[in-house]
Amino acid sequence: MRLIDVARVVRSKNAGPLQLTIDLVFPDDSTFERARRSPALTPEAVAHVYGVDPVTVKVIEFGVANAIKIVMNRPIIAGSPGDSDVYGAQQHRPLLDVIL
Amino acid sequence: MSAIARLLDSGLGPSRRLRVLAASGQLGYGIPERAFRAGLARKPHFIGCDMGSIDVGPYYLGSGQLATSERITRRDLRLVLHGALAADVPLIIGTAGTAGAAPHLERTLGLIRSIAMEDGLTFRLATIQADMPRELLKRRISENRTRPLGPIEPLSEPIVDRASNIVAQMGVGAFLRAIDEAPDVIVAGRACDTAVFAALPQRLGYPVAAAMHMAKIIECTSLCCVPGGRDAILATLSGDRFVVESMNPGQAATPLSVAAHSLYEQADPLTVHEPEGTLHLEGARFEALDDRRTTVYGAMFEPASVPTVKVEGAEWCGERAVLAAGSADPRVMENVDAIVESVRATVQEFFPAEDGADFQLIFHMYGHGGVSLFPRVMDGNTSELLFLVECIAEDKDQAHAVISVTKQYLLHHGFPGRLSTGGNIAFPFTPAELPGGTAYRFSIHHLVESDPSDELFGVQAGEVH
């Protein structure tokens, strides 16, 4: 199943101007369980989707909210010349098609 | 007796209920009035507002401007000032004027004084400066007691000299010194959102962990509810636990929504770093009190072994001019990368680097990956393309010159297979070139060790008539 079809929230946002965080919130325990076990959401897999170095990607489970948080470095400091997303609010797109 | 003096004198303490009204997560964008009034009706012991954000980008810290409009900022300040003074409870405002440097604090205080004069308000005001002294910062660099908070250049003296404004983010300690001045209203420069709401509870003896966790949740007002919103929220702190409740009856603070808020704009949902220490949320529990209220407890606070402050600075990059133009031609789209590179090369010839006329020409190609920060494979399914082109140069004239040459060569660029020889792009308005203001960038986002003897976060107090 694709992430876009099962997640309740898929959002990206800056966590400060140097980092980007992507929150995946799932509607229930069973979908969360499937997501947290999925090979498609390991740091390596996420790094591959975004074309970045896996050592710069963290994946953190937050079970109390049925959520998975992904943290990456921003390729450019927020708001610097050449930035394309000052708030980092539209960087979730590549994950939507990931198959869990 | 001032509002803070009365509160400190009231005998309130951890065994009693302390009601905290968070009126705004970003004052100046329009505080929803109905929920604020509903909050006042609950007789809060104090009112807190956050007024800042780093999300809006480096322009505001760099330029000293507010991100919010003067009209709505004035309206919001008037609302909370009248609300707090009429109820005779303290009002605390953090990160004045978006970025909390001296010009932002000064403009916010100017608005407050003018409201007081127009409306005949009198009160005792304490202000807290947040500017980082450059000499102190340079000393810390030489002592090797600074470190980057992510992928950004290590600090150096030239970076400090080039920054137009540098602020340090104050924690609870600075607010406690302002509280000692026994004011009615505290207006702070750059501050941790949490300190705005955690300082008075700590002064009253409530446990640090509970006060801090409460502050972390309510600093965005009803964003922690379902549906999330910007309406005022009330937290009731009692001993080591607190209850959160939106002042909009249509918004519910549920255990899931409140717990999930820990994720928001945080790199780590389980640890919150503050100047005085770290809040650990592994043990935090969220329990429904009813269908609109949630009780929270169980966070732990670990005091920092070495106190630190986060320091932020922004520096001037240049003056910006912008061009917006679209295309619906499939041949243009097929060849777009080559077109852009040819036009760039042509423009470069008119502005040779040896003239010292340095500039950046940046193409944001909407419909062709323009939103993504990361390299994306295009699927070619787009039907229209937006060329949003910006030039950043030494001055406005140079930026305008570069962008207008870019416009003309983009319009008439010839390429193999071209059909639309009347022009490659469509302009939505005239002139198609727009002045884009001044460009800044964040040059400082570092952690700096602080000593008790550091002269940071100076407090001033006085009467406002």
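**View 1. Glu265(B) and Lys13(A) form a salt bridge in this predicted model.** The closest N and O atoms of Glu265(B) and Lys13(A) are 2.6 Å apart. If you are counting, chain B and chain A share 2 salt bridges. Polar contacts join in as well: 8 residue pairs across the interface of chain B and chain A meet the rule, with both partners at pLDDT 80 or more.

**View 2. The side of chain B that touches chain A draws on a helix and several strands.** Helix α11 (255-260) supplies at least two residues of that side, and so do each of the strands β16 (359-366), β17 (385-393) and β18 (433-449) of chain B. By residue type, this side of chain B divides into 25 nonpolar, 9 polar and 6 charged. Overall, 40 residues of chain B and 41 residues of chain A take part in the contact.

**View 3. Leu263(B), Leu373(B) and Phe374(B) are the residues of chain B that lose the most area to chain A.** As a reminder for reading this view, interface size is often given as the accessible area lost when the parts come together. Here the area buried between chain B and chain A is about 3300 Å². Carbon and sulfur atoms give 69% of that area. Together, Leu263(B), Leu373(B) and Phe374(B) account for 23% of what the chain B side buries.

**View 4. Helices α9 and α10 of chain B cross at roughly 150°.** The axes of α9 (residues 193-203) and α10 (residues 208-218) come within 8 Å, and the crossing of α9(B) and α10(B) is right-handed. From α9(B), the contact is made by Thr194(B), Phe197(B), Ala198(B), Pro201(B) and Gln202(B). Helix α10(B) answers with Val208(B), Ala211(B), Met212(B), Met214(B), Ala215(B), Lys216(B) and Ile218(B). Sorted by type, the residues of this helix contact are 9 nonpolar, 2 polar and 1 charged.

**View 5. The loop between α10 and β8 of chain B holds Thr221(B) and Pro227(B).** Have a look at the backbone of Thr221(B): its phi is positive, about 50°, although Thr221(B) is not a glycine. Further along, Val226(B) and Pro227(B) are joined by a cis peptide bond with omega of about -10°. Strand β8 of chain B, at one end of this loop, spans residues 233-238.

**View 6. A cis peptide bond runs from Thr430(B) to Pro431(B).** Its omega is near -5°. Where does Pro431(B) have its place? Pro431(B) lies in the loop between α14 (396-412) and β18 of chain B.

Terms used:
Residues are numbered from 1 along each chain as its sequence is written. Chains are lettered from A and ligands numbered from 1 in the order in which they are written. This is a predicted model: local features need pLDDT of at least 70, side-chain atom pairs count only at pLDDT 80 or more; totals for chains, interfaces and linings use all residues. Side-chain values use heavy atoms; hydrogens and water are left out. Axes are lines fitted to C-alpha atoms, for helices over the stretch in contact, and angles run from 0 to 180 degrees between N-to-C directions. Helices (H or I, at least four residues) and strands (E, at least two) are DSSP runs, numbered from the N terminus. A crossing is left-handed if the near helix is turned anticlockwise from the far one by less than a right angle, and right-handed if clockwise. Contact means heavy atoms within 4.5 Å. Ala, Val, Leu, Ile, Met, Phe, Trp, Tyr, Cys and Pro count as nonpolar, Asp, Glu, Lys and Arg as charged, and the others, Gly among them, as polar. Buried area is the accessible area (1.4 Å probe) that two parts lose on being put together, summed over both. A salt bridge is a side-chain nitrogen of Lys or Arg within 4 Å of a carboxyl oxygen of Asp or Glu. A polar contact is a pair of N or O atoms within 3.5 Å; within protein, one must be able to donate a hydrogen and the other to accept it, and residues adjacent in sequence count only if both atoms are side-chain atoms.
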